[in-house]
Amino acid sequence: MSGPLLTVEGLSLALDGRPLLSDVGFEVAAGEVLGLVGESGSGKSLTALSVLRLPPPGAVVTGKVSLGGRDLMSLAEADMRQVRGGEIGLIFQEPMTALNPVMTIGDQVAEVFRLHRGLGRREALAEAAAALARAGFATGQITVDSPLLRFPHELSGGQRQRVVIAMATALKPRLILADEPTTALDVTTQAQILSLLKSLAREDGAGLVLITHDLAVVAGMADRVAVMRGGRVVETGPTGQVLAGLGDPYAGIAVTPRPASDGSPVLEARGLVRAYPAARRGWRRSEPVRAVGGVDLVLKPGERLGLVGESGSGKSTLLRALLGLEAPQGGMIRLDGQAFGARATRGQRAAVQAVFQDPYGSFDPRWRVEDLVAEPLPLMADPPRGAARRAHVIEMLAQVGLPAEAADRYAHQFSGGQRQRIAIARALITGPRVVLLDEAVSALDTPVRAEILRLLARLSDDLGLAYLFVTHDLTVARAVTDRVMVMKAGKIVEEGPTAEVFAAPKHPYTAELIAATPRMLRP
Amino acid sequence: MSARFRSPGLLIGLGLTGLFLAAAALSLAWTPQDVTQVDVARRLLAPSGAHPFGTDHFGRDVLSMIIAGARNSLLVALVAVAIGLGLGAPLGLWAAARGGLADELVMRGSDLVFALPALLLAILFTAVLGPGAVNAIIAIGVFNVPVFARVTRGAAQSLWTRDFVLAARVAGKGRWAISLGHIAPNIAGLLIVQATIQFSVGVLAEAGLSYVGLGAQPPTPSWGRMLNDAQTMIGFAPWLAIFPGLAIALTVLGLNLLGDGLRDALDPRLERRG
């Protein structure tokens, strides 16, 4: 076959008169993997939806999209339906919402065959079994515990994504669009899903468009990369070349290893236990779930400590306990040697602040930035009021690199990276000594993430802040921490200076995590 | 933004509700004729130029009584909604903020009230406390409380899991400061929609209570009692039933359309994203 499989030319999209995509263009050849990279809001997903002719209601789309020489924009809706699913397979970020919760996965995959090929129930189920097997499910005979008869909620996140992939690739589409297919998954699962996607695409000779905010994911997968920013494609080229052009995004952040301060710890936890009551079964409750099971943690002044683990390992629960929001069932937390917890004093709370993961969810949409940033101020002994309060907020905004005008706007008027700057300003306004960062850069794309990390490193140096970086991303932990702790199922399995842990992991789980992490630059 | 407020249902709802409010306001100052003025000589006149909606068996102008009746409906329904909102919303916020026993208490309490047939109990209330507009207000208002408590609690609960609430807690804010500063403003739209719908339920309930003689007492004009009075004369004076019936139906329809339209316009889940 000659010529590209998918051609997108001059694709523009406007909603309510606002241009969201302008002049987007790229090509994908059969058997090629194109990485479509950009931060959230850069228009990656809109581009994918426009290719499928499924733009949000009210959007005006112009431009040219052709698949194998056929113009998709002028196709009748009935034909377009055959293209979706038939010729273009789509994989979404969150497999739980992409699957019907009340249908068994066998029926859901079979539905694809029934709708597109008009097969009967029995034949369709047989095809579904084959498709699921291809996606890594051992289906075997259709018995009571066959995966075909399971419901989506009975599966793990990775397994669900396999079902979605089975559905998307069931009809051997010529093009696969994968929109953040592994963002909701753990590092180890992510590696498996990515290799599955790549092998399926290669097997069928299909083109694969991999949409992601994570450059590292693309580095190991894509032949070519298109970088999107603000609704435009700003750069296209072979993966190696584009990534080399960007350089190591974390260069220069790498902290000069600090001499281990031998002062007393600023924040300290001993034998911390935090358990949740288990779900009720009838009248009886089963054993409580131990989210955090006996964790010791020491944070010295000015230290940058990483806490690494996959989702569900208890990181966030530990963090809430350390913030003094939830009382632990066992163990104790001390701040400067004083007991700290749910009954902390205002002064104590002022010393421990936090930045949260979701730059979209961590601000009240109805508050102006000035009020958002000033929210923790009442924790201070003598909080500034009126004009002094505003001046203080503006000073904080300047410290994180935002202009004074930002104070009068609302959070939704800022990009993801700017919002995280606002969140940092809010965390710093009380002059804390410890800042807990809960996946604070996970939702950002790589260059913005690097900027924020650089900002955090500078602030730590200037203000002598101690950080606890809670993250699932080992590259981040490696770039910015002095010491790292690895958490699994509520326990710390390994702890040590960052460089040592990464060079020679002692616990098998740490080694597994390191091996599964996608790397920006392959050695 | 403004495009979302231009659905036909919302506009019709706004028009009908506006008419209803205007009639209630107008009746304070003026009605075509005095509704307390009895003129037996002019009784049971069919609709004509002088009496567009006809006259009743006491010779009172039906148009004037409908205009004046709007005020009574409005008053009863509005105060009943205020009772429901004023007690229900804080209860819902409290249940969501405390969780545990407080939540159980509020939710099981509202289950209890929901389990009882509202209109029948309202009849019982007014029968025991005595008929009259004030008791009708209390009876209807009591049943609005759990409705608002539930809606508030559900919406507040989902907001409590959001990161900005977590940030407020880290900022040392207490439960009430967060409920009032963050939760309440973010669920205001939802409560406005619910208030509109409860308002229409209130109009209907008031009409029902006065129909069985337990609402506002004569000579205060009331749509429900007008229907009751018309019952025996429906064969030869149908206008006596048609016009108050239409007034009730159109008001309830208008308020429901307004509520639905507002929900579509204010619901953040339907909001288009850029």
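**Strand 20 of chain A and its surroundings**

Guide: In this predicted model, strand 15 (residues 304–308) of chain A and strand 20 of chain A run parallel and are joined by five bridges.

What covers the count of buried residues in strand 20 (residues 466–471) of chain A is simple to state: six of the six are buried, so the strand is largely enclosed by the rest of the structure. Burial holds for both faces of strand 20 of chain A. On one side are A:Ala466, A:Leu468 and A:Val470, and on the other A:Tyr467, A:Phe469 and A:Thr471.

Elsewhere in chain A, six strands form an open sheet with mixed pairing, in the order 6-7-8-3-9-10. Strand 6 (88–91) and strand 10 (232–238) of chain A are the edge strands, each pairing on one side only. From one strand to the next the twist averages 15 degrees. Within this sheet, strand 3 (residues 33–37) and strand 9 (residues 224–229) of chain A run parallel and share four bridges; A:Leu34 has A:Arg224 in strand 9 of chain A as its bridge partner. Helix 1 (residues 44–51) of chain A packs on the sheet and touches strand 3, strand 7 (175–179), strand 8 (207–212) and strand 9 of chain A. The direction of helix 1 makes about 150 degrees with that of strand 7 of chain A.

Chain B has nine helices and zero strands. Its C-alpha trace spans about 75 × 50 × 30 Å along the principal axes, and 46% of its 274 residues count as buried. Of the contacts in chain B with a separation of 6 or more, 73% are between residues 24 or more positions apart.

One helix pair in chain B can be described in detail. The axes of helix 5 (residues 133–160) and helix 7 (residues 175–211) of chain B come within 9 Å and cross at roughly 155 degrees. The two helices are therefore roughly antiparallel, the cut-off for that term being over 145 degrees. Their crossing is right-handed. Residues of helix 5 of chain B in this contact include B:Ile140, B:Phe148 and B:Leu159, and those of helix 7 of chain B include B:Ile187, B:Leu190 and B:Gln194. By class, the contact has 14 nonpolar, six polar and one charged residues.

Between the chains, 16 residues of chain B are in contact with 24 residues of chain A. On the chain B side, helix 6 (163–170) and helix 7 are the elements that give two or more residues. Helix 6 of chain B gives the most, with seven residues. The side of chain B that touches chain A has seven nonpolar, four polar and five charged residues.

Notes
Residues numbered from 1 in each chain as written. Chains lettered and ligands numbered in written order. Predicted model: local features only at pLDDT ≥ 70, side-chain atom pairs only at ≥ 80, totals over all residues. Pairing = 2+ DSSP bridges. Axes fitted to C-alpha atoms, helices over the stretch in contact; angles between N-to-C directions. Contact = placed C-beta atoms within 7 Å. Parallel < 35°, antiparallel > 145°, perpendicular 65-115°, else oblique. Left-handed = near helix turned anticlockwise from the far one by under 90°. Nonpolar A, V, L, I, M, F, W, Y, C, P; charged D, E, K, R; others polar. Buried ≥ 20, exposed ≤ 12 C-beta atoms within 10 Å, placed from the backbone.
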